[in-house]
Amino acid sequence: MSDRLFFLSLALAALALIAFAAVWPQGLGDRSPGFLGHTPVQQTPQMQAAMKREADHAKAQLEAAKAAAATKP
C-alpha cells in the first residue's frame, strides 16, 4: 500500500470519527443536536418523578435505620 493511499484513508477515517462525535450524545442525559436527537429517558417527567420517589424512599429508610440504631441499648 502506498503512503499516499494510507495517509489519505487515515485522514478520511479521522474526519469521519470527528463528524460522528459531533452528533453523538455526550453522556447520559445529553441530547444529540437536530433531527438526530430525542429526549433522553432520564429527562422525561415520568422518570424524574420516579427518581425523586426513589431518592425520597431511600432517605426515609436511612432516617428510620438511624432512629432504630439510636433507640437500641
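The secondary structure of the chain comprises 2 helices and 0 strands. The model is a predicted one. Of the 73 residues in the chain, 5% are buried. The chain exposes about 6500 Å², and 69% of this area is supplied by carbon and sulfur atoms.

Helix α1 spans residues 3-23, and Met1 belongs to the segment that precedes this helix. Met1 has a relative accessible area of 76% and is therefore classed as exposed, the cut-off for that class being over 50%.

A pair of aromatic rings is described by the distance of the centres and the angle of the planes. The structure contains 1 aromatic pair. In this pair, the ring centres of Phe6 and Phe7 are separated by 5.1 Å and the ring planes stand at 70 degrees, so the arrangement is edge-to-face. The angle is over 60 degrees, as the edge-to-face class requires, and the distance falls within the 6.5 Å limit for pairing.

Charged contacts were examined next. Side chains of opposite charge can pair when their charged atoms come close. Across the whole structure, the search returns 1 salt bridge. The bridge joins the side chains of Lys52 and Asp56, with an N to O distance of 3.1 Å, which is within the 4 Å cut-off. Both residues are located in helix α2, which covers residues 45-71. Lys52 and Asp56 are 4 residues apart, or about one turn of the helix. The two partners fall into separate accessibility classes: Lys52 is exposed, at 52% relative accessibility, whereas Asp56, with a relative accessible area of 40%, is partly exposed.

Definitions and conventions. Residues are numbered from 1 along each chain as its sequence is written. This is a predicted model: local features need pLDDT of at least 70, side-chain atom pairs count only at pLDDT 80 or more; totals for chains, interfaces and linings use all residues. Side-chain values use heavy atoms; hydrogens and water are left out. Buried means under 20% relative accessible area, exposed over 50%, partly exposed in between (1.4 Å probe, protein chains only). Rings of Phe, Tyr and Trp (its six-membered ring) pair if their centres lie within 6.5 Å; planes under 30 degrees apart count as stacked, over 60 as edge-to-face and the rest as tilted. Accessible areas come from the Shrake-Rupley method with a 1.4 Å probe; for residues, only the protein chains shown count as cover.
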